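Reader: I'm new to this one, and I'd like to go through a few residues with you. Could you put it up first?

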Amino acid sequence: MSYLVLKGINKIYPNGYHAVHDFNLQIEKGEFIVFVGSSGCGKSTTLRMIAGLENISKGEFLIDGKRANEMGPRERGVAMVFQSYALYPHMSVYDNLAFGLTLQGVDDDVIEKKVMNTAKILGLTDYLDRKPRALSGGQRQRVAVGRAIIRKVDIFLMDEPLSNLDAKQRVTMRSEITQIHRETGATTIYVTHDQTEAMTMADRIVVMKDGYVQQVGTPHALYFNPVNMFVAGFIGEPPMNFIDAVMKNGVLDVGGNTVDLNKLADKDVIKKYEGKEVALGFRPEAIKLTSKGEVNDAYRISCKVELTELLGDNTNVYVDINGVKSILKVDPHDSPELDTDLEFAIPYKSVYLFDKETEKRIKLTKE
């Protein structure tokens, strides 16, 4: 049996609000799992139920085969890192790190050894005598993480721990938390609304929307094989482009451009969606500019350039495809001029198709 098992977990508040619906997940020992989704999707509520800070309304939560629904947070053997750091302002960094061990009655010499080792891992050795107010945001977050890992628990829970940091600090702390996870081997569940954090840190990602799990999988699986439009649009930066069209004899009119799916899709798929609304999806970075040479096995799309954003390693090009807005990601040296006509190609292998009614991905060929 998996180390952590969530079976049909639901959270219903006294006012009737159903925050989490039928959440099912099995987590192996030592995995790094990330819950991701927009605000209000239920990811933090689920984390708090795992921690024992929220009661489970319905379902069963198992830790190493034992039912944990009625266990308190201490009995579950978890350590939690919050968005707000939750440091004691009147205590030094040393005392903040040592506090949990002191409450457990650990000997002073053992506490000192553990604090010094943890401080060394997190680069806090020179700041042990400082109060939290004398630290930067990144340093405070290191203390919060250190207070969790010093207890040597089996389960780390992290709720938006990097959201208060600036962009540079977030990149640094992402790598540090990932490294700490590798060193400790603890099972980690991490909550974020930032899909970049999810993609770079997770072994597996749980994508949530409106209290429901949309998809569970590796970063690679979610990026290349999204099950629906929400996952396809949430994972990836910039997000996937979608263009609405109606299937007619296997052909789509995509902003005045012809996309013949007979070249890609099984006849049964074309027959099933004849006369129905679908959405063609393609990722901004999957396209190729036809002006840069011959592109084979691809659909050609004409558009007009409306805006460009030079980001250093690439340029985001905002285009109008006969009234449909899309984003292309191109080499910065290939940035087109504003208000010019542009043609790009979408390789056949990079085309996605979705059912507009259900928003589920349409598999073009039989598995």
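**A few residues in turn**

Author: Let us start with R67, which counts as partly exposed because its relative accessibility is 40%, a value that lies between the 20% and 50% cut-offs. Please keep in mind that this is a predicted model.

Reader: OK, and which strand is R67 found in?

Author: R67 belongs to strand 5, which covers residues 66-67.

Reader: What is R67 in contact with, leaving aside its neighbours within four places in sequence?

Author: With those neighbours set aside, R67 touches G59, E60, F61 and L62. With E60 there is also a polar contact between the two side chains, at 3.4 Å, and the side chain of R67 makes another polar contact, at 2.9 Å, with that of E70.

Reader: And how far apart in space are R67 and L162?

Author: Their C-alpha atoms are 31 Å apart, with a separation of 95 residues in the sequence.

Reader: Switching topic, how many disulfides are there?

Author: The count comes to zero disulfides.

Reader: What about C41, buried or exposed?

Author: C41 counts as buried because its relative accessibility is 2%, and C303, at 7%, counts as buried as well.

Reader: Then S302, where is that found?

Author: S302 is part of strand 16, which runs over residues 298-310, and at 40% relative accessibility it counts as partly exposed. Apart from neighbours within four places in sequence, S302 is in contact with N257, I321, L342 and E343.

Reader: How far is S302 from I189?

Author: Between their C-alpha atoms the separation is 44 Å, and the two residues are 113 residues apart along the chain.

Notes. Residues numbered from 1 in each chain as written. Predicted model: local features only at pLDDT ≥ 70, side-chain atom pairs only at ≥ 80, totals over all residues. Heavy atoms only, no water. Helix = DSSP H or I, 4+ residues; strand = E, 2+ residues; numbered from the N terminus. Buried < 20%, exposed > 50% of the residue type's maximum accessible area, 1.4 Å probe, protein only. Contact = heavy atoms within 4.5 Å. Polar contact = N/O pair within 3.5 Å; in protein donor to acceptor, adjacent residues only side chain to side chain. Disulfide = S-S within 2.5 Å.
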